[in-house]
Amino acid sequence: MQQKGLWIVFSLCVIWRTALSVTRYSIPEEMERGSVVANLAADLGLELGGLVHREVKLDIFHSKKYLDVNKKTGELSIVEKIDREYLCPTKTATSCFVKLDLIIESPLRIFNIELEITDINDNAPHFRRDRVELDVSESATPGERFSLPNAVDPDVGINTVKTYQLSESEHFTIEIQTGSDGTKYVDLVLTKALDREEHSVHNLILTAIDGGVPARSGTANIVVRVQDTNDNAPRFDLPVFSVNMTENSPIGTLVTKLNATDIDEGPNADITYAFTLYTSEKTQDIFALNPNTGEITVKGTIDFEDMKFYEMHVEAKDKGAQPLTGQCKLIVHVTDMNDNYPEITITSLKGTVNEDISVGTVIALIGVSDKDTGNNGKVRLSITQPLPFILNKSSDVHYELIISEPLDREQVLEYDITLVVSDEGTPSLSDNETITLHLLDVNDNAPQFPQSFYTIPVTENNAPGALLSSLTAFDPDLHENQYLVYFIIEKEIVNTSMSMLFSINPENGNLYALKTFDYEIEKEFLFHIEARDSGVPPLSSNVTVHIVIVDQNDNTPVIVSPWRAHGSVVEEKIPRSTDKGSLVSKVIAIDTDSVQNSRITYQFLQVTDATLFSLDQYNGEIRTMRMFSYRDPRHQRLVVIAKDNGEPALSATVTIKLSTVETAVKAYSDMTEVPLEYDIFSDLNLYLVIGLGSVSFLLLITILVTCVLKCQKPKPSKAAPPCRNSVISERNSTIADSTLVSNDAYWYSLFLAETRKGKLVVRQPVPKGSRYIVSSIPRSTGLTETSDSAASTLQV
């Protein structure tokens with residue numbers, strides 16, 4: 001393209017006229033469109049003005065219109081690129097012309113013009129075939145020549161093919177020759193002998209280069225395949241082979257496979273095998289040779305006593321036109337056959353032993369033998385699986401079976417000991433025998449409970465003889481060593497033996513209760529149970545049992561305030577001028593159960609006027625919700641129920657009849673609001689002193705009577721010390737009973753509590769069946785009430 005560009009700014013090379021008035025120009029091919037060839041107006045002596053007004057036509061003698069004339073300038077220019085190789089395809093043409101006529105009308109004038117197209121190097125040489133394959137025998141001699149196809153170049157002159165080049169090769173080179181027409185021809189020349197086994201294919205590259213500037217080139221691949229000749233004989237891996245064969249090997253047994261290789265190819269590498277004349281006929285009767293595979297097999301009987309070894313000579317021959325051969329020698333050594341199995345003889349055996357047998361004790365003597373000789377007759381004895389036994393070789397043919405680890409029947413009842421005897425033959429022969437060792441039990445395991453501590457809940461009021469739990473121990477021993485007996489370890493609680501409270505079945509460990517338990521008296525028991533086997537000597541273990549008594553809601557709440565005789569109604573009087581929120585009365589109930597079963601709530605069961613009184617469900621206080629009016633009845637009836645929180649709930653009721661009076665002073669004339677601290681010797685104090693003395697006297701008498709009865713009670717023959725909690729339960733129960741018997745002490749304690757809070761104590765009318773009711777009220781009011789605690793009544 002650079003060369004073409006140079007031609008664009010070309011100048012007219014040659015303009016000449018001949019005798020025939022032909023105007024000639026010379027331009028290079030491939031000029032760009034619009035390039036100016038010549039100024040015809042100037043060269044032909046034409047006026048530019050005349051060309052514009054006169055009709056001008058350019059007639060080209062070719063199929064394409066390559067040129068055109070500009071009427072204004074008179075210039076002849078290129079309208080289409082001219083390819084010389086297309087315009088003049090014949091390379092023999094020395095020159096290439098484009099002929100055209102310039103015709104001008106008015107007056108008519110015709111000018112003959114010839115345009116010479118000169119060649120540029122715009123085509124690269126190329127081969128008709130880009131891959132050339134040659135078959136050359138490896139026996140070819142150096143200097144032998146092989147014709148190669150020549151390259152062609154459509155360019156002419158110096159732009160055509162000038163020379164050839166061959167890629168680097170130690171075996172080949174090229175020679176270039178020039179034909180009569182100037183064409184360059186090339187031959188491939190062998191410079192060094194070929195060896196197919198070393199290099200079977202040679203890949204070469206032939207390059208054709210033209211003489212243009214810059215030069216252009218084209219390539220072709222030359223593949224030279226080296227043809228094989230039978231120049232290599234078959235070869236074995238070793239000149240001598242040695243194998244071992246056992247006597248009496250079965251017919252058809254493979255002895256060995258001989259393998260010869262030939263690095264030639266085709267028939268020159270096909271090999272056949274055969275015995276040579278150096279192989280004896282007797283040997284050929286015992287062994288067979290496969291001519292195609294080289295396998296040697298047994299076809300007769302091999303007898304070690306007849307022949308200790310066999311020698312064979314084998315020949316390998318290829319199938320070339322002139323066959324080549326290779327030889328080797330095979331020696332077969334016959335090995336004596338190990339055809340007798342070793343034997344085991346049990347000389348002495350202890351089939352049954354105690355599990356506590358000592359380590360190192362011999363339990364069996366074993367003999368071994370083999371009728372073979374040499375290594376085939378040498379035997380060894382072993383135990384196949386890992387067991388607590390070892391073998392001690394006492395002589396060449398005797399072994400001792402010894403205990404190597406402590407035995408435990410509870411883990412393994414018996415051992416199957418497999419003894420294996422094997423010789424040292426090739427292949428080795430072996431035999432085995434199994435002996436069984438039984439273990440006898442000894443009492444070496446104490447009974448074991450699944451747990452070391454049992455907590456057993458028992459609901460109170462249980463039926464005597466009820467099953468509480470089953471305490472079962474396990475003993476892995478056998479027979480009498482496994483038979484267990486259960487019993488309670490004796491223990492006394494408040495001079496009561498555990499065996500009087502509980503019983504255990506000695507055979508199965510079932511634990512029973514012998515009495516009915518009361519949570520309010522006994523809350524828990526702690527004792528031990530022992531399991532003992534029947535072995536000699538016996539072994540035992542014990543477990544701690546914690547019996548927890550679970551409370552039931554078996555006690556009905558008891559209403560202790562306001563006090564009333566059994567089945568009676570409480571009657572009280574209050575002034576009609578009582579303010580809203582004043583304390584009218586307080587219901588107090590107690591429940592000897594525990595936790596939820598002892599939690600008391602209070603409710604109105606019946607009430608004359610629900611808008612007049614309110615009841616606190618937790619402390620039992622009855623208060624006025626409003627002041628009395630003239631419409632309210634003078635007598636009010638309140639029925640209060642005290643209910644515990646048990647399942648099912650138990651309850652008690654009290655009926656309170658309230659009577660209203662008009663004037664508080666008249667109704668309560670005896671109850672002058674006198675501070676206790678100013679009148680120590682008032683009637684009220686006198687009553688309190690008398691009540692306190694009576695309570696103290698009754699309490700002392702009760703304690704003395706109880707002590708006398710306890711001292712006179714006969715002591716049981718067997719008694720276990722009571723558990724700490726049971727003693728506390730009994731003591732608390734006794735105090736509670738004495739408190740319930742002496743209500744005076746309870747009410748006196750409430751009275752002291754109210755007095756300490758700084759309240760005045762006044763007298764109230766006494767209900768039927770009682771002598772006095774003492775109430776405490778704050779100093780600030782004249783009403784019968786308490787602050788946060790409760791109004792308390794005391795019978796004296």
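**Close-up views of the predicted model**

A search of the whole structure turns up ten aromatic pairs, where rings of Phe, Tyr and Trp (its six-membered ring) count as a pair if their centres lie within 6.5 Å, and planes under 30 degrees apart are called stacked, over 60 edge-to-face and the rest tilted. This is a predicted model, so local features need pLDDT of at least 70 and side-chain atom pairs count only at pLDDT 80 or more, while totals for chains, interfaces and linings use all residues. Residues are numbered from 1 along each chain as its sequence is written, and side-chain values use heavy atoms, with hydrogens and water left out.

**View 1. F127 and Y164 make a tilted aromatic pair.** The ring centres of F127 and Y164 sit 6.2 Å apart and the planes meet at 45°, so this pair counts as tilted. F127 belongs to strand β9 (residues 126–127) and Y164 to strand β13 (residues 161–166), so the pair ties together parts that are 37 residues apart in sequence. Helices (H or I, at least four residues) and strands (E, at least two) are DSSP runs, numbered from the N terminus. Both F127 and Y164 are buried, meaning under 20% relative accessible area; exposed is over 50% and partly exposed is in between (1.4 Å probe, protein chains only). Elsewhere, F502, F517, F525 and F527 come together as one aromatic cluster.

**View 2. Three strands form an open sheet in the order β11-β15-β14.** The pairing here is antiparallel; two strands pair if DSSP finds at least two bridges between them. β11 (145–148) and β14 (172–178) are the edge strands, each pairing on one side only. Neighbouring strands of this sheet are turned by 30° against each other on average, direction ignored; the axes are lines fitted to C-alpha atoms, for helices over the stretch in contact, and angles run from 0 to 180 degrees between N-to-C directions. β11 and β15 (residues 184–190) share four bridges, and S147 has D187 in β15 as its bridge partner.

**View 3. β35 shows alternating side chains.** In a regular strand the side chains alternate between the two faces of the sheet. β35 pairs with β43 in the parallel sense over seven bridges, and I456 stands opposite I547 in β43.

View 4. Most residues other than glycine have a negative phi, and most peptide bonds are trans.

**View 5. Helix α8 carries I701, part of a nonpolar surface patch.** F697, L698, L700, I701, L704, V705 and L709 make up this patch of about 680 Å². I701 is in helix α8 (residues 683–712) and is partly exposed, with a relative accessible area of 36%. Patch residues have over 30% relative accessible area and no salt bridge, with like charges joined within 9 Å and nonpolar side chains (Val, Leu, Ile, Met, Phe, Trp, Tyr) within 5 Å. A salt bridge is a side-chain nitrogen of Lys or Arg within 4 Å of a carboxyl oxygen of Asp or Glu. Areas come from the Shrake-Rupley method with a 1.4 Å probe; for residues, only the protein chains shown count as cover.
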